[in-house]
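Hi,

Here is the model I promised to pass on.

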Amino acid sequence: NSVPIGWGIFGWLNRFIFFPLFSFLTNYFSYGISIILMTIIVKVAISPLTYKSYLSQIKMKILKPELEIINEKFGDDPMKKQQETMNLYTKSGANPMSGCLPAFLQMPIFFALFTFFPVAFSLRQKSFLWADDLSSYDSILDLGFYIPLYGDHISLFPILASVAIFFYTKMTTGQQMASQPQPQEGMPDMTKMMKYMIYISPLILIIFFNNYSSGLSLYYFVS
């Protein structure tokens, strides 16, 4: 009751799912292995959402040539182009937003785990590999000076997670960019935004997770 495990749905996920699940796993495995197993269980649990996201990307990729034909044919008539595009989506059962919905539905899990690892009392002083305390950062080198936002040390798990996320994002974003239709006038170019995200996401993780719980960085690396 005295530990802040998150408000609303984030707290409910921690109280009724993640804390009981993690406690069960630690009865049989070490704390580091329990984090790895919990990661796998969570990924399997949300796999139907991930599958729907991939399915949507494939549909959009298949429809891209037809969307480009519509764009060329009705480029001077935005209203007609919009109608033909929506007719194509309806006929094929595709929805450009359906790929974003699964990611949105996974956000509560992300924020719940973001709260879970630093406050999980059972992780205090529990080591795994080079990390001395899974509830704190896993410093492998003290810099001797302070870098704003980053800190005065280098943590290894955030670097490993960032490298993994870079390659994963580069792979999946390449599929998403191939499925994106040409941007309509006045609409943002999603392909260009995705290219930026390939490099921005890992950089953000390295900076902000350097001082965060190594258990969470381990979770993202395995995930």
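Below is what I found in it, going from the overall layout to a few local spots.

First, the ground rules. This is a predicted model, so to speak of local features I need pLDDT of at least 70, and side-chain atom pairs count only at pLDDT 80 or more, while totals for chains, interfaces and linings use all residues. Residues are numbered from 1 along each chain as its sequence is written, and side-chain values use heavy atoms, leaving out hydrogens and water.

**Overall layout**

The protein has 9 helices and 2 strands, in the order α-α-α-α-α-α-β-β-α-α-α from the N terminus. These are DSSP runs, numbered from the N terminus: H or I of at least four residues for helices, E of at least two for strands. Of the 223 residues, 34% are buried (under 20% relative accessible area, with exposed being over 50% and partly exposed in between; 1.4 Å probe, protein chains only). Taking contacts (heavy atoms within 4.5 Å) between residues at least 6 apart in sequence, 66% join residues at least 24 apart.

**The α1/α2 pair**

Helix α1 (residues 8-26) packs on helix α2 (residues 31-45) at about 130°, with the axes 9 Å apart. Axes here are lines fitted to C-alpha atoms, for helices over the stretch in contact, and angles run from 0 to 180 degrees between N-to-C directions. On the α1 side the contact includes Phe-18, Leu-21 and Phe-22, and on the α2 side Ile-35, Met-38 and Ile-41 are among the residues involved.

**The hairpin**

Strands β1 (residues 139-147) and β2 (residues 151-155) pair antiparallel over 4 bridges; pairing takes at least two DSSP bridges between the strands. Leu-141 has Ile-154 of β2 as its bridge partner. There are 3 residues between the strands, and Leu-149 of this hairpin takes a positive phi near 75°.

**Ser-162 and Pro-202**

Ser-162 is in helix α7 (residues 156-179) and is buried, at a relative accessible area of 2%. Leaving out residues up to four places away in sequence, Ser-162 touches Pro-202, Leu-205 and Ile-206. Pro-202 belongs to helix α8 (residues 190-209) and is buried too, at 7%. Setting aside neighbours within four places, Pro-202 contacts Ser-162, Ile-165, Phe-166 and Met-197.

Cheers
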